Amino acid sequence: MRKMRFAGGVTLLTVTMIGCSTATTSLASDRLVPSEPTLIEYADPSRLPGLNTATITQGDFGERNVHASYPVLADAPALTGKLRSVLTGRLDRFTAATSAAVPGTRPEFNADWRIAAVSDEIVGVRLGIGEYTRPGWRESRTTVWYDRVDGRALDSTGLLTGGSALTELAGLVRAELARRGPGVDAGAVKADERLFDSIAFNRHGELVVEFDDYQVAAGSLGRVAVAVPAGRSEGLLSPSGLRARRAAVRAGQGPVAAPTSEAIKAAAVDRPAARSSRAGTVDCATAKCVALTFDDGPGEGTAELLDVLASHGARATFFVTGSNAVARPDLLRRMSAEGHLVANHTWSHRDLTSLPAGLAAYQLSRAQEAVGHATGQDPALVRAPYGRVDERVVRAAREQGLAVVGWDVDAGDARGRDPEAVARRVAERVRPGSIVLMHDLDASSAGAAEAVLRRLAAAGHTFVTVPELFGAAGMRAGEVYASGPSRS
């Protein structure tokens, strides 16, 4: 077998975010077509038993936008604790750095995640962290590992045998970057754990080191990464590192890899637009209809929330993030089966108005693919994170066939978790045709929904999905809706 060359690439952020699987093509032979060696073949999170998601958020009631999601594995509490610690530590530093507000700018901290590799021996979680200040977005990557054999959560350098291995790895990476030419500062690479906090493996078992923006190159270059051939890294790996490499190679040979974006798009041909399976059973021209909407899920409390809605015969609209949707497609399928509507809340909950037009559209399209793949229906509605909409966002929504949905009643459930206080707040402000903003983040969601449903039902309200408020008039792509039609 031909040896893989020592190679690396400067890969644009958009490519990294897609997380493409390495494609293989046969042209009258079974030879692999060479691919970008620094791309990691991420695993399908829905194949992990006992997986849920958790979110750190401040919403729009703090001094900055914060939305950081991470996986919760039932059999790996140490991993959950480690991931939360990494994110809260980074958030604390970001908060301190942005304590002096810049007029006209709202700082934002955002994180999503991918499964870098998984087996019965080990699991790796790659966090993608974005920090927004006035100059723009700064991207960083951190990969945390959990060794199921030892029961330990590890930083990426835990995949190495020790300090001498880190020094040798730094030398290998520095030598490769020195061959890249102008624009990359190889001299910035030191044997520093903070520089080597994102280590994983590609499908060939090559060790991949990723750097954050501005660590070794200008942020405009995007993701900078180096792939070290398996033969060169063999003696550097700890037992955990060997387990991680085996898991990555096994993923490249089997069905555990996440489906590629191309495969998802191909499956979307002729997929119908999403609609409630129970639409048409209520006439909102005569009934006192209200649309309850739940943002940010699915999460740890979603199943219980669905139980509550079912017990009241209520249906709702769920604006889900794509990164959570791919983790729990079973919950999205249940939502659809029970008459709820599943809609788009972008991939990772970034303020779309802070992004270039192409990346804003990508946040929408990637979530569209994730939800459509899970439910078999293309979302027809989108809610912009933090309710932030401008003309570019409207244009992107129109191009993807999405109506933009806001709200006229904020339940305040993300600010205060007392169910009765939430219910009182909604009851005081709701009217027929209202769209109520709530959140589906944790176990408190079900309690708040129970109180709201009980109080509004007593006042004669009926609970429907957002499009049902508009009856035969319908909703149009690219239009912004804060509530249903007014009733005299």
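Why is strand β9 (residues 207-211) largely enclosed by the rest of the structure?

Modeller: Happy to, keeping in mind that this is a predicted model. Strand β9 is largely enclosed because five of its five residues are buried, where buried means under 20% relative accessible area. The cover is found on both faces of β9: L207, V209 and F211 are buried on one side, and V208 and E210 are buried on the other.

Now for the strands that pair with β9. Strand β8 (residues 199-201) runs antiparallel to β9, and three bridges join the two. Within that pairing, V209 of β9 has I199 standing opposite. β8 and β9 make a hairpin, with five residues between the strands. In the turn of this hairpin sits G205, whose phi is positive, at about 85°.

Strand β10 (residues 223-228) also pairs with β9, again in the antiparallel sense, and here there are five bridges. L207, one of the buried residues of β9, has V228 in β10 as its bridge partner.

Stepping back to the whole chain, you will find 13 helices and 19 strands. Of the 488 residues, 56% are buried. If you take contacts between residues at least 6 apart in sequence, 72% of them join residues at least 24 apart.

Notes: Residues numbered from 1 in each chain as written. Predicted model: local features only at pLDDT ≥ 70, side-chain atom pairs only at ≥ 80, totals over all residues. Heavy atoms only, no water. Buried < 20%, exposed > 50% of the residue type's maximum accessible area, 1.4 Å probe, protein only. Helix = DSSP H or I, 4+ residues; strand = E, 2+ residues; numbered from the N terminus. Pairing = 2+ DSSP bridges. Contact = heavy atoms within 4.5 Å.
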